[in-house]
Amino acid sequence: MFRFLPYVGGGNAPQTSDVTRQFNRKKNRNIFRATSYDRGGSSSDDTPGVALNDVVLSHSYIGAALRWSSRFITLQELSCAGFHRDCGMLLDETPLFEPSLLQEIDWCNNTVAFSPPISPSSPGEGLVLRPLCMADYNRGFFKVLSQLTKTGDVTPEQFAKKFEHMKSTGDYYVIVVEDTNLGQIVATATLITEHKFIHSCAKRGRVEEVVVSDICRGKQLGKLLVTALTLLSKKLNCYKVTLECAPKNVAFYQKFGYGASDETYMQCRFFD
Ligand SMILES: CC(C)(COP(=O)(O)OP(=O)(O)OC[C@H]1O[C@@H](n2cnc3c(N)ncnc32)[C@H](O)[C@@H]1OP(=O)(O)O)[C@@H](O)C(=O)NCCC(=O)NCCS
């Protein structure tokens, strides 16, 4: 994750922010501090510049920061790179999990009929199936989720923090379908793997938050998401995969081999 200090021109560029100091204290992060902008200035094309005098970033971005630190970069360039202007944060394209996992799903094991045929590597014209990335915050990810349940007002900082936590555990497989013409997320679903001592220290999978945008329903995307995650859970050696659903969706999930269990789903709900 990058953090930039906005530079508004004239005088000295801003110094290390409190946020950056906090990050500096975290020893397990790769920190690159670009010092080439101690003095202010403006970008060459007279658009507002951003001083890169304090940058906190993960290992994979050191190269990009070095490239950018050689001059001021414009807000337009930052915006293209997924920079969130309000919070000074780069919501980048780093995937939540290794994308090849989706491409390597053995689609021959699929038992659901797709007509016309679609698959994780060919989900349909202008569509891409891939892991969630941070930049999806700006591509309507929450708009889609809100068609399933209350999402609350999640800030970019909250989203980035949760994303990094999920990524670090390696147990969260949030997949999205992006309409590349619109640059918008149109469907999403999540597989979570849970670690057990039982069944010889096995893992189990849980499928959650399956939702297809109302403008895209009936195009087999729901079937694609559930099939992909069910086969992925098998590939990840889960001994079983489960989900909870409303009675009206039981018939939908039966298509994929899910059946009602003898167990009763119980919960204590603390807040919505
Ligand atoms: C349920 C949902 C994910 C289905 O997605 P979708 O993309 O519209 O569905 P698909 O086009 O992939 O599925 C089509 C097939 O499933 C069937 N189907 C779709 N919704 C169904 C339902 N609720 N119950 C039974 N069958 C259903 C269709 O009849 C069709 O059958 P066919 O392949 O035999 O022709 C979608 O309607 C949705 O997002 N709903 C709102 C959120 C929600 O309820 N999510 C589930 C949470 S448990």
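Author: A nitrogen atom of the ligand is 3.4 Å from a polar backbone atom of Lys248, a polar contact being a pair of N or O atoms within 3.5 Å. This is a predicted model, in which local features need pLDDT of at least 70 and side-chain atom pairs pLDDT 80 or more, while totals for chains, interfaces and linings use all residues. Residues are numbered from 1 along each chain as its sequence is written, and side-chain values use heavy atoms, without hydrogens or water.

The space that the ligand takes is the largest pocket, a pocket being an open set of points on a 1 Å grid over the protein atoms alone, where a 1.4 Å probe fits, with protein on both sides within 12 Å along at least five of seven lines.

β9 (203-212), α8 and α9 (250-254) each give two or more residues to the shell around the ligand; helices are DSSP runs of H or I with at least four residues, and strands are E runs of at least two, numbered from the N terminus. Of the 19 residues around the ligand, Val210, Val212, Gln220, Lys223 and Asn249 come nearest, where near requires a heavy atom within 4 Å.

Helix α8 is largely enclosed by the rest of the structure, because 13 of its 15 residues are buried (under 20% relative accessible area). Just after α8, Asn237 takes a positive phi of about 70°.

Notes
Buried means under 20% relative accessible area, exposed over 50%, partly exposed in between (1.4 Å probe, protein chains only). A polar contact is a pair of N or O atoms within 3.5 Å; within protein, one must be able to donate a hydrogen and the other to accept it, and residues adjacent in sequence count only if both atoms are side-chain atoms. On a 1 Å grid over the protein atoms alone, a cavity is a set of points where a 1.4 Å probe fits but cannot get out, and a pocket is an open set with protein on both sides within 12 Å along at least five of seven lines; lining residues have an atom within 4 Å of a point. A molecule sits in a cavity or pocket if more than half of its atoms lie within 2 Å of its grid points.
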